[in-house]
Amino acid sequence: MEAYLGIIAIIVVVALLAAGGVFLLFRRGGGQAPPVEPPEVLPLPGEQAPAGTVTKDDDAATTTVPPPARPAEPVIVTPEIEVPPPSAGRMVRLRTRLARSQSTFGKGLLELLSRDRLDDDAWDEIEETLLTADVGVSPTRAMVDELRTRVKILGSRTPAEARALLREQLLIQIGADMDRTLHVKPHGERPAVVLVVGVNGTGKTTTTGKLARSLIGDGSTVVLGAADTFRAAAADQLQTWGDRVGAQVVRGPEGGDPASVAFDAVARGIQDKVDVVIVDTAGRLHTKTGLMDELGKVKRVIEKKAVVDEVLLVLDATTGQNGMRQAQVFAEVVNITGIALTKLDGTAKGGIIISVQRELGVPVKLVGLGEGADDLAPFDPEVFVDALLGD
Ligand SMILES: Nc1nc2c(ncn2[C@@H]2O[C@H](COP(=O)(O)OP(=O)(O)OP(=O)(O)O)[C@@H](O)[C@H]2O)c(=O)[nH]1
């Protein structure tokens with residue numbers, strides 16, 4: 001009996017020891033929280049992972065990003081300065097646009113004049129064609145009279161003879177020998193000054209910008225004056241034109257004094273020793289005296305520092321007689337030296353060249369033949385007439 005009790009006591013002790021061990025073992029494993037891994041920090045798209053961090057590739061392989069060699073430098077984007085083409089030969093390049101827009105005028109006339117028999121009805125049609133193309137009443141009369149006389153002398157005409165006759169008469173009316181030089185040569189240390197005037201909406205600011213490009217393309221240096229202070233967008237527009245070709249743009253506060261901007265632009269031109277200063281003016285046709293005061297003051301103030309070499313009137317070829325009347329108001333208040341005729345690619349009324357020169361008594365020096373930056377050309381009467389009549 002004593003031996004039994006001894007064996008039972010040993011079994012109980014062993015069982016207790018075993019149960020205690022299992023309890024301790026479970027307490028150690030389950031009582032303690034599992035180790036928490038730090039959250040993985042993933043870089044944003046395009047961002048570099050912090051140096052020394054461990055990232056996971058798409059295929060779950062781990063890579064260590066090496067520390068960058070040196071801190072990234074800010075990227076400064078400088079606008080690219082364009083090199084515009086020279087102005088020579090531009091009208092030849094753009095002649096297809098003229099041929100397209102003026103074909104009813106030129107080719108229509110040629111077709112009529114090439115007829116075997118030219119009766120009164122045919123002459124009426126020729127007159128009508130000239131008037132419809134905005135040639136103007138007295139130039140039309142002069143042309144028809146001259147053509148009638150020449151046809152009577154010639155008798156029957158080959159198509160080439162009819163073409164030559166028409167070409168000659170158109171060139172006489174356009175004034176092939178008129179001086180169309182743009183006066184943009186500096187005077188020693190002083191820049192030439194071009195004042196651009198005209199009604200807003202005619203393409204005045206665009207023409208100012210295109211002219212700057214064209215002069216830069218010909219090798220001149222240019223400062224632009226944004227004296228159209230009544231339209232904030234005009235100064236911004238001019239700034240864009242200037243930035244593209246690296247020309248300084250002098251501007252003033254919105255609604256500020258246009259004369260003060262013009263003065264500052266010329267002062268900058270003198271200081272920077274540029275060749276030409278082009279001043280874009282406001283074209284508000286409020287009252288004639290208001291306009292006269294405004295443009296008169298701009299001109300007077302510029303003349304304190306330099307000579308105004310050109311006063312270019314910008315005229316929209318598509319506005320016909322209405323545009324002409326507005327142009328006349330400008331001609332009355334300021335001494336215009338040349339006309340820049342815009343949007344000639346958008347009208348069949350190319351005869352406006354003849355009538356505007358006659359009405360204002362100044363030559364068309366520049367023509368706008370499209371919306372492109374280099375679509376402003378020095379006006380060449382022969383290229384114009386040849387484009388009208390076709391080869
Ligand atoms: N097709 C054609 N479009 C032109 C020509 N000249 C200017 N334009 C366009 O005419 C549009 C209107 O110009 P405007 O409203 O006169 O604007 P702007 O040039 O700022 O003229 P302002 O108001 O006088 O300052 C612009 O999109 C120009 O690109 C041209 O010769 N041909």
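Me: At what angle do helix α4 and helix α7 pack?
Reply: In this predicted model, helix α4 spans residues 103-113 and helix α7 spans residues 159-174. Their axes lie 9 Å apart, and the packing angle is about 125°.

Me: Is the crossing of α4 and α7 left-handed or right-handed, and which residues of α7 make the contact?
Reply: The crossing of α4 and α7 is right-handed. From α4, the contact draws on Leu109, Leu110 and Leu113. The partners on α7 are Ala162, Arg163, Leu165 and Leu166.

Me: How many residues of the contact of α4 with α7 are nonpolar?
Reply: The contact of α4 with α7 includes 1 charged residue and no polar ones. Arg counts as charged, whereas Leu and Ala count as nonpolar. The nonpolar residues in this contact number 6.

Me: Are α6 and α7 roughly parallel or roughly antiparallel to each other?
Reply: The axes of helix α6 (residues 137-154) and α7 come within 10 Å and cross at roughly 150°. Angles over 145 degrees count as roughly antiparallel. α6 and α7 are therefore roughly antiparallel.

Me: Which residues of α7 make the contact with α6, and how many residues of that contact are charged?
Reply: α6 contributes Pro139, Met143, Glu146, Leu147, Arg150 and Leu154, while α7 contributes Glu161, Leu165, Gln169 and Gln173. Leu165 of α7 also takes part in the contact with α4. By class, the contact of α6 with α7 has 5 nonpolar and 2 polar residues, and the charged ones number 3.

Me: Are α10 and α11 roughly parallel or roughly antiparallel to each other?
Reply: Helix α10 (residues 258-271) and helix α11 (residues 288-302) have axes that come within 8 Å and cross at roughly 25°. Angles under 35 degrees count as roughly parallel. α10 and α11 are therefore roughly parallel.

Me: Which residues of α11 make the contact with α10, and how many residues of that contact are nonpolar?
Reply: Pro258, Ala259, Ala262, Phe263 and Val266 of α10 meet Glu294, Lys297, Val298, Val301 and Ile302 of α11. The contact of α10 with α11 has 2 charged residues and no polar ones, and its nonpolar residues number 8.

Me: Which helix gives the most to the shell around the ligand?
Reply: Of the 19 residues around the ligand, Gly203, Lys204, Thr205, Thr206 and Gly368 come nearest. At least two residues of the shell come from each of α8 (204-217) and α9 (232-245). With 3 residues, the helix that gives the most is α8.

Me: How many residues of the shell around the ligand are polar?
Reply: The shell has 2 nonpolar and 5 charged residues. Its polar residues number 12.

Note on methods
Residues numbered from 1 in each chain as written. Predicted model: local features only at pLDDT ≥ 70, side-chain atom pairs only at ≥ 80, totals over all residues. Near = placed C-beta within 6 Å. Helix = DSSP H or I, 4+ residues; strand = E, 2+ residues; numbered from the N terminus. Axes fitted to C-alpha atoms, helices over the stretch in contact; angles between N-to-C directions. Left-handed = near helix turned anticlockwise from the far one by under 90°. Contact = placed C-beta atoms within 7 Å. Parallel < 35°, antiparallel > 145°, perpendicular 65-115°, else oblique.
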